[in-house]
Amino acid sequence: MWPLSALFLAVTAMSVTGDEGALPTTLQAFPSLPSPLLAFHKPSQTPPGRHELYEAAEAMWAKALALNTLAPEYQGQNNTEVAAQVGGEATLSCYTYHLSDERVAWLKRDDDQLLTVGQEVYAAERRFSVVHADHAEAWELWVKDVKLTDAGQYECQLTTSPPVSFFFTLTVTQAQAMVAGPSEVHIEEGSLLVLECYVKQAPVPPVYIFWYHNNTMVNYARQHHIQVDHQNYTSTLMVARVRRTDAGNYTCQPYLANPANVAVHVVTGEHPAAMQHGGTHEDGGRLQLATPPHGSPPLLPSHASSWPC
């Protein structure tokens, strides 16, 4: 039995050697054929030989089979989830594996919005851009200053015949800082104050976590009794031999995250219910533990936010 491409060649060859009006009739059954075959029908050109027709048809069928049968083998990128946080950047990478030299279109499927075609950007906002290097496999959609409304399904569509699409899901979260323990702390003068801040709902560790005391950054303070330790999602502020001037509002401000605040009161010879002293946190006799975010190191109990020197 002849393969489908051979049957196609036989029919096409007969059409070319016959009347000029027969070729369009034959090609109407294959509306997706590449333009080189249509170009053969120009009256000023010599009709192609059987060998040329065979090569053109074989190339067309090889391309169609590659896009429809080989592409799924590379669809590990299909239904890919990409995580981003508000204010950050997101990159969606679509790999064509050189199966097509055609342009790639990016669409946001949730609202049927055409974002890019080739390297032309049609998105209404300039936050969207597309990056593609010549002879490279990847077409990347970049989203800057990510918003919660950017979340949803995106489609990378190869404008080929037949078309091939890959789908991506963008999830967007708002990162939030949390300080272990109560929002108001009483501590004895001369004790060691330890405040622990961790970041949740962040896809990657923040670039920085700044601490402020009454709106003044203390991460790089020249005061020797203040020390800040930053590891991944967690930052620890330690104040040795607390003084009355150390009282006030402390703010944990991570990169691209909502801040967290805690009010510190320095007292002498007093023991209110929320007093932190002697390595214990007395809050109605109940011990409170801080729950660390996913992927971050375990946190100390919130009652350990002060120890005597």
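# Reading a predicted fold

Guide: Welcome! The chain has four helices and 22 strands. Helices (H or I, at least four residues) and strands (E, at least two) are DSSP runs, numbered from the N terminus. This is a predicted model, in which local features need pLDDT of at least 70, side-chain atom pairs count only at pLDDT 80 or more, and totals for chains, interfaces and linings use all residues. Residues are numbered from 1 along each chain as its sequence is written, and side-chain values use heavy atoms, with hydrogens and water left out.

Visitor: What share of the 309 residues counts as buried?

Guide: Buried means under 20% relative accessible area, exposed means over 50%, and partly exposed is in between (1.4 Å probe, protein chains only). Here, 40% of the 309 residues of the chain count as buried.

Visitor: What percentage of the contacts with a separation of 6 or more comes from residues 24 or more positions apart?

Guide: A contact means heavy atoms within 4.5 Å. Among the contacts in the chain with a separation of 6 or more, residues 24 or more positions apart account for 62%.

Visitor: How should I read a sheet?

Guide: Strands of a sheet pair through backbone hydrogen bonds, either parallel or antiparallel. As a cut-off, two strands pair if DSSP finds at least two bridges between them. In this model, six strands form an open sheet with mixed pairing, in the order 1-9-8-3-4-5. Strand 1 (80-85) and strand 5 are the edge strands, each pairing on one side only. Follow strand 1 to strand 9 (residues 164-173): six bridges join these two strands, which run parallel. For a landmark, find Val 82, which stands opposite Leu 170 in strand 9.

Visitor: Which residues of the largest nonpolar core touch the most other members?

Guide: The general idea comes first: in soluble globular proteins, nonpolar side chains tend to be buried together. A nonpolar core is a set of buried Ala, Val, Leu, Ile, Met, Phe, Trp, Tyr and Cys residues joined through side-chain atoms within 4.5 Å. The largest one holds 25 residues, of which Leu 195, Trp 211, Leu 237 and Tyr 250 touch the most other members. Several strands each supply at least two residues of this core, including strand 12 (191-200), strand 13 (209-213), strand 16 (234-239) and strand 17 (248-254). Look at Leu 237: leaving aside its neighbours within four places in sequence, its contacts include Leu 195, Trp 211, Ile 226 and Tyr 250. There is also a second, separate core of 23 residues, with Trp 106, Leu 115, Phe 128 and Phe 166 among them.

Visitor: How many salt bridges does the structure hold?

Guide: Side chains of opposite charge can pair when their charged atoms come close. The rule for a salt bridge is a side-chain nitrogen of Lys or Arg within 4 Å of a carboxyl oxygen of Asp or Glu. The structure holds seven salt bridges. One of them joins Asp 112 and Arg 109 at 3.9 Å, N to O; Asp 112 is exposed, with a relative accessible area of 61%, while Arg 109 is partly exposed at 32%.

Visitor: Why is the pair of Tyr 208 and Phe 210 stacked?

Guide: Rings of Phe, Tyr and Trp (its six-membered ring) pair if their centres lie within 6.5 Å; planes under 30 degrees apart count as stacked, over 60 as edge-to-face and the rest as tilted. The structure holds three aromatic pairs. Tyr 208 and Phe 210 are stacked because their ring centres are 4.2 Å apart and their planes are at 15°. Tyr 208 and Tyr 255 form a tilted pair, 5.3 Å centre to centre with 55° between the planes. Ring pairs link Tyr 208, Phe 210 and Tyr 255 into a cluster.
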